[in-house]
Amino acid sequence: MSEKFSPALRIGDLNDFIAPSQACIVSLKGAKKPNKVEVSIADKQVKSEPVKISLKDCLACSGCVTSAETVLLEKQGLDEFLSNINQGKAVIVSVSPQSRASIAAHFGVSPIQAFKKLTRFFKSLGVRAIFDTSCSRDLTLVESCVEFITRYRQNQLVDDERSKSSLPMIASACPGWICYAEKTLGSFILPYISTVKSPQQTIGTIIKRYVCEDMKLRPEEVYHVTVMPCYDKKLEASRDDFVFQLEPHAEGHEGEEDNLILEVDSVLTTGEILELIQSKEVDFKSIEEAPLDKLLTNINEEGHLYGVRGSSGGYAETIFRYAAKTLFGRHIDGPLNFRNIRNSDFQEVTLEVDGETVLKFALCYGFRNLQNTRKLKTGKSDYHFLEIMACPSGCLNGGGQIKPISGQSAKGLSQLLESVYMENVLTAEPFDNPIIKDLYDKWLEQPGSEKARRYMHTQYHALEKNITSQLHDW
């Protein structure tokens, strides 16, 4: 089966369609009847009709994602991207730091060189602006820090049993993990998951709800594309939770359907961007570097990129430091001392005060380590925060990243990406980011405010298990 999606969204070697025996929510009634196809499920041969489904259909059911990416992702590919440019849409591209690192490593340039060359390349195609999702990641980290402090303090109310479900707080940036939690683990896990949107959806909200006005554009005129290390991000962008409605009085938009706006219109993986570069027969290393769009890009006056430690978003590291300082007055300088527990994809860090462990955080990458979440159901987990990612080694190893070149091992590429990721990138506190401060001052009021919660937070939905998820539960 295709390795494009994370393990959260793959169940086996299917023949490019979801069969009725897998309880697909898409009805077969009235569908055009193509030739029958056979599919093997649980060692039984089942004959049925292929069903054309959409990304939203997949999210709405409790089944799986099959290997029919050509059907599932038809609205989130290069053709759609180029079509919108040719139609005169105001196309805005937001690039993730993981994708930036992958492109930099592939072409042997620094991350900032890769970003500047990408800017020149995209603008030569007709893209209006290119932004940096490490900027929106800073906003998600600020909101996540505030949310954690609130949960931690609630948890100390020993007389309030409901508060006990507030910890550990679990990062919500990985769509593969979120889909797995909603479809497989169910309602018991959802209260623990952070309500803060991912950096992808945060920058989508900023662009469609706030920056459009600054650029003198209406939201419906903008086609927003993100470049991500992960195919699961395409599913995330398609969630109904990340669609909003224009004001009823908006000119030329009387019907309710016309008023619906996606925060992110399309997601392209790093590998698809490489494919686009190759299709244009461009010598990427020779492309002239262009100035970066500073509106939503983490770049200082000297022209250096800045960000946070942690190649999967730095959630555990950033929140740990903030909590240590805010709750216990401990200032932690330098890298945190994470130690391996079972393997390099399961690490933890603790803070002790007067001999008592007051903070215990963990990085939990890859599905072999997700058994730990079952302890939450039995009340045996002693963690305060879990940074969970579906992919082994985290986001730099996402299924949408550029694959190893000839003679290069996957492990070697992973190590290279880790070293390139923060190359010439300055470490800076999200709370000190001038762009984020400006967003709060002019729009969101303050971290954790009602307005910030309205625009920067979301919700999750438990889905009933069907026969497929029961067969493949573990």
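R209 lies over the face of F244, 4.0 Å from the ring centre.

A word on the model: it is predicted, with pLDDT of at least 70 needed for local features and 80 or more for side-chain atom pairs, while totals for chains, interfaces and linings use all residues. Residues are numbered from 1 along each chain as its sequence is written, and side-chain values use heavy atoms, leaving out hydrogens and water.

Now to the ring pairs. Rings of Phe, Tyr and Trp (its six-membered ring) pair if their centres lie within 6.5 Å; planes under 30 degrees apart are stacked, over 60 edge-to-face, and the rest tilted. The count comes to 13 aromatic pairs, including these two:

| Pair | Centre to centre | Angle of planes | Class |
|---|---|---|---|
| F148 and F361 | 5.3 Å | 70° | edge-to-face |
| F346 and Y383 | 6.3 Å | 65° | edge-to-face |

F148 sits in helix α6 (residues 133–155) and F361 in strand β13 (residues 356–365), so their pair ties together parts 213 residues apart in sequence. Helices (H or I, at least four residues) and strands (E, at least two) are DSSP runs, numbered from the N terminus. F148 and F361 are both buried, that is, under 20% relative accessible area (1.4 Å probe, protein chains only). They also belong to one aromatic cluster with Y152, F320, F328 and F385.

F346, in strand β12 (residues 346–353), is 37 residues from Y383, which lies in the loop between α12 (374–378) and β14 (385–389). Both F346 and Y383 are buried.

Key
Buried means under 20% relative accessible area, exposed over 50%, partly exposed in between (1.4 Å probe, protein chains only). A charge sits over a ring if NZ of Lys or CZ of Arg is within 6 Å of the ring centre and within 35 degrees of the ring normal.
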